[in-house]
Amino acid sequence: MALQKGLFVGLGVLATASLWLLLAGPSKVLGIDAGNAGFALLIGVTWMSLYALGRMPTGGIEKQMSPGEWKAWTGLGFTVAIAIYAIGKAHVFDGPSMWHNPDANRVGRNIALFVAAWAILAQVLQSRWKDGVQRDERDREIEARASGWARMALSIYAIGLALLLGFSPADWLAWAPPPMIAHLLVIGLILSCLVEFAVTAVSYWRDRR
């Protein structure tokens, strides 16, 4: 158990380092673009996590948390990483349309790869509970509560964005060309997912304690 905890702590440190390279690191690392190196490291961490989970004996993680809680914490981790990346790279959308903006296309592609890695990891986790109960009344109650918070967060974000764009003079909106507005809408969806997973994870944690 201590070895497993050490492994996942190490993977967490590597994931943090990869986000630093993606967002705030030097432009080059050993002659390699830092953004590409950070993203490659983050994907590597994901695959190492998949391998570690696949090697863990049945009954290990299953006894610690319910499938709903594992799904919530995993989703929260990925949505936090995606949100940080999307907000940190928002400036690349302050330019030409997506067809003529390779930097914006690369950000969109990386976000899609984040989501794909998340989906694969979630599937691996779900397979560990294939012979047990996946959801019960408590899970449905927590899901309903978290969905309500997510809808409220998305509504507040959308209203705030609409007011900002609708009531600002045109000369104040030079920072918001169509690609930027599209990216801001995507960020709103990401943040609503973050709120939903955060409320879900904390609800499970409080029940467990």
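Helices α4 and α7 cross with a left-handed sense. This is a predicted model, so please hear everything that follows with that in mind. The two axes, α4 and α7, approach to within 8 Å, and the crossing angle is roughly 150 degrees. The cut-off for roughly antiparallel is over 145 degrees, and α4 therefore counts as roughly antiparallel to α7. By class, the contact of α4 with α7 is made up of 18 nonpolar, five polar and three charged residues.

Let me take two residues from α4, which spans residues 67-88. Glu69 sits in this helix. Is Glu69 buried or exposed? Its relative accessibility is 2%. Buried means under 20%, so Glu69 counts as buried. Which residues does Glu69 contact, once neighbours within four places in sequence are set aside? They are Tyr204, Trp205 and Arg208. For orientation, α7 covers residues 178-208.

The second residue is Thr74, again in α4. Thr74 has a relative accessible area of 13% and is buried as well. Leaving out residues up to four places away in sequence, Thr74 touches Trp118, Leu121 and Leu125. On the numbering, α5 runs over 102-127.

Phe93 is found in the loop between α4 and α5. With a relative accessible area of 5%, Phe93 is buried. What does Phe93 touch, not counting residues up to four places away in sequence? Its contacts are Met98, Asn101, Ala104, Val107, Pro177, Pro179, Met180 and His183. There is also a C-alpha distance to quote here: Phe93 and Leu184 are 91 residues apart in sequence, and their C-alpha atoms are 9.6 Å apart in space.

Next, the other helix pair. In general, a pair of packed helices is described by the angle between the axes and the distance between them. For α6, residues 137-167, and α7, the axes come within 8 Å and the crossing is at roughly 150 degrees. So α6 and α7 are roughly antiparallel to each other. What is the hand of the crossing where α6 passes α7? That crossing is right-handed. The contact of α6 with α7 holds 18 nonpolar, five polar and five charged residues.

Ala153 has 22% relative accessibility, so Ala153 counts as partly exposed. The chain separation between Ala153 and Val195 is 42 residues, while their C-alpha atoms are separated by 7.3 Å.

Last, the totals. How many helices and strands are there in the protein? The count is seven helices and two strands. The order along the sequence is α-β-β-α-α-α-α-α-α. The protein has 209 residues, and 35% of them count as buried. Taking contacts between residues at least 6 apart in sequence, 78% join residues at least 24 apart. The accessible surface is about 12,400 Å², with 68% of that belonging to carbon and sulfur atoms.

To recap the packing: the crossing of α4 and α7 is left-handed, and α6 passes α7 in a right-handed crossing.

How values were computed:
Residues numbered from 1 in each chain as written. Predicted model: local features only at pLDDT ≥ 70, side-chain atom pairs only at ≥ 80, totals over all residues. Heavy atoms only, no water. Helix = DSSP H or I, 4+ residues; strand = E, 2+ residues; numbered from the N terminus. Buried < 20%, exposed > 50% of the residue type's maximum accessible area, 1.4 Å probe, protein only. Contact = heavy atoms within 4.5 Å. Areas by Shrake-Rupley, 256 points an atom, 1.4 Å probe, with all protein chains shown as cover. Axes fitted to C-alpha atoms, helices over the stretch in contact; angles between N-to-C directions. Parallel < 35°, antiparallel > 145°, perpendicular 65-115°, else oblique. Left-handed = near helix turned anticlockwise from the far one by under 90°. Nonpolar A, V, L, I, M, F, W, Y, C, P; charged D, E, K, R; others polar.
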